[in-house]
Amino acid sequence: MTCPRSTALKSPVGARSLRKARHCARFIPIRLTDRDSNTYRIRYQSIHSLGCVPPYDPERVLCKCTPVAIDYVDTSGPGESTLEAIGGAFFKQRQIWLESLGHRNLEHHLSTLRTTANIRKIVCFGLGSLGRLSGDCYTRTHTQHAAVETIAASLVRRGLSGSQEIKCYAQDPVYDEVDHEFLRSIGITPLEDPKGFLEVDEHTLVFSVSPDVPVKQIVTDLHWPGAMIWDTVTPSEKRKSWAKYKENDGTIFWIT
Ligand SMILES: C[S@@+](CC[C@H](N)C(=O)[O-])C[C@H]1O[C@@H](n2cnc3c(N)ncnc32)[C@H](O)[C@@H]1O
C-alpha cells in the first residue's frame, strides 16, 4: 500500500517506528501465550511483501518471511446481526444492484466475452461479512454476494456450464455462523480456509474483490482456474518498497 504522508500519520496502518518490533525480538513464529488469541489461521504473504525487506528490521525476514505460516490469532467473535436483519438489508441491496449500471455492464461482458471455458463452479474469496450492518461497508459486501448470482445466471445463459447448474462457494474467515446460514439460503456454500483454494480447478471461475490475502498467487500456485473476476488492478501490483519519513520531533516512520 502506498500511503501519502498525511494519511500515514493519521493512521498507524503500514507505519512503523524504528524501534524493533516486540514480536520479532525472539524467534517465536506462533505466540501461544497471547491471551487475546483464540484460534489458528493460515497466514499468507504475497510475493511482493516477501521481496520487500523492512529496512527498520531486516532480521524480520528470518522470522516472519515465509509464503505460508500458522498464526495464533484473535477472531472478533459472532457478528451483531440476526438472519432476518441480514436478509432485509441484503434483498434491498440486491435490488439496487439489479437496477445498476454495474449489473448491466457485468451481464454484457459475460454475454459477449470470447471464451470457450466450461465453468461448473464459482469460488469467491474475501467478499466480506454480511452481518456487520452498522456503517455503510456492508452495501459493498452485499452487492458482491448478489453479483455471484448474476455471474452464475449469465454463464448458464451463455451455455458455458454445459447446461449444468453452477455451484457457488465462498471463503472468508470473517464469516460467522449467521453468515454461513444466510449464505446457504442464497445458494452459496461457505468454506473454511483453505478449502476454497482446494475447490479451484480448471472449471472454476474465481471471484474476489480486495482480498486481504494474495488470492491470485495462491490459486495460480495450486491449480489454474478457468476464469477470474477481479476488482480494478491498481499500481499496487508494482514492486513494493519502503520510504522513510521524519516527524518534527525526530520520530522516524517507515511506510510501505
Ligand atoms: C479489505 S476486505 C474486502 C471486503 C469486501 N470484498 C469489500 O470489497 O469491501 C478483505 C477481506 O478479505 C478477507 N480475508 C482475509 N483472509 C482471507 C482468506 N484466507 N481467505 C479469504 N478471505 C480472506 C477478510 O476477512 C476481509 O473480509
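Which residues are closest to the ligand? The legends below refer to a predicted model.

**Figure 1. The shell around the ligand.** The ligand is surrounded by 18 residues, and the closest are G126, G128, R140, V174 and D212. Helix α6 supplies three residues, the largest share of this shell. Sorted by class, the shell holds eight nonpolar, six polar and four charged residues.

Figure 2. For comparison, buried residues make up 25% of the 256 residues in the protein chain.

**Figure 3. The two pairings of β4.** Five bridges join β4 to β5 (residues 167-171), and the two strands run parallel. In this pairing V123 stands opposite Y169 of β5. The chain passes from β4 to β5 through helix α6 (residues 138-158), a β-α-β crossover that is right-handed. Strand β4 is also joined by five bridges to β7 (residues 204-208), again in parallel. Here K121 stands opposite T204 of β7, and F125 stands opposite S208 of β7.

Figure 4. Q45 lies in the loop between β2 (39-44) and α2 (47-50). Is Q45 exposed, partly exposed or buried? Q45 counts as partly exposed because it has 16 C-beta neighbours inside 10 Å, and a residue is called buried if 20 or more such atoms are present and exposed if there are 12 or fewer. Beyond its neighbours within four places in sequence, Q45 is in contact with L50, C65 and P67. Q45 and V68 are 23 residues apart in sequence, while their C-alpha atoms are 6.4 Å apart in space. Across the protein chain, 71% of the contacts between residues at least 6 apart in sequence join residues at least 24 apart.

Figure 5. Most peptide bonds are trans, and most residues other than glycine have a negative phi. The peptide bond from D193 to P194 is cis, with omega near 10°. P194 sits in the loop between β6 and α8 (195-199). S163 has a positive phi, near 55°, and belongs to the loop between α6 and β5. With 7 other C-beta atoms within 10 Å, S163 is exposed. The phi of S210 is also positive, near 50°, and S210 is placed in the loop between β7 and α9 (215-222). S210 counts as partly exposed, since it has 13 C-beta neighbours inside 10 Å.

Methods:
Residues are numbered from 1 along each chain as its sequence is written. This is a predicted model: local features need pLDDT of at least 70, side-chain atom pairs count only at pLDDT 80 or more; totals for chains, interfaces and linings use all residues. Two strands pair if DSSP finds at least two bridges between them. Helices (H or I, at least four residues) and strands (E, at least two) are DSSP runs, numbered from the N terminus. A crossover is right-handed if, with the strands pointing away from the viewer, the path from the first strand over the helix to the second runs clockwise. A residue is near a molecule or strand if its C-beta atom, placed from the backbone, lies within 6 Å of it. Ala, Val, Leu, Ile, Met, Phe, Trp, Tyr, Cys and Pro count as nonpolar, Asp, Glu, Lys and Arg as charged, and the others, Gly among them, as polar. Two residues are in contact if their C-beta atoms, placed from the backbone, lie within 7 Å.
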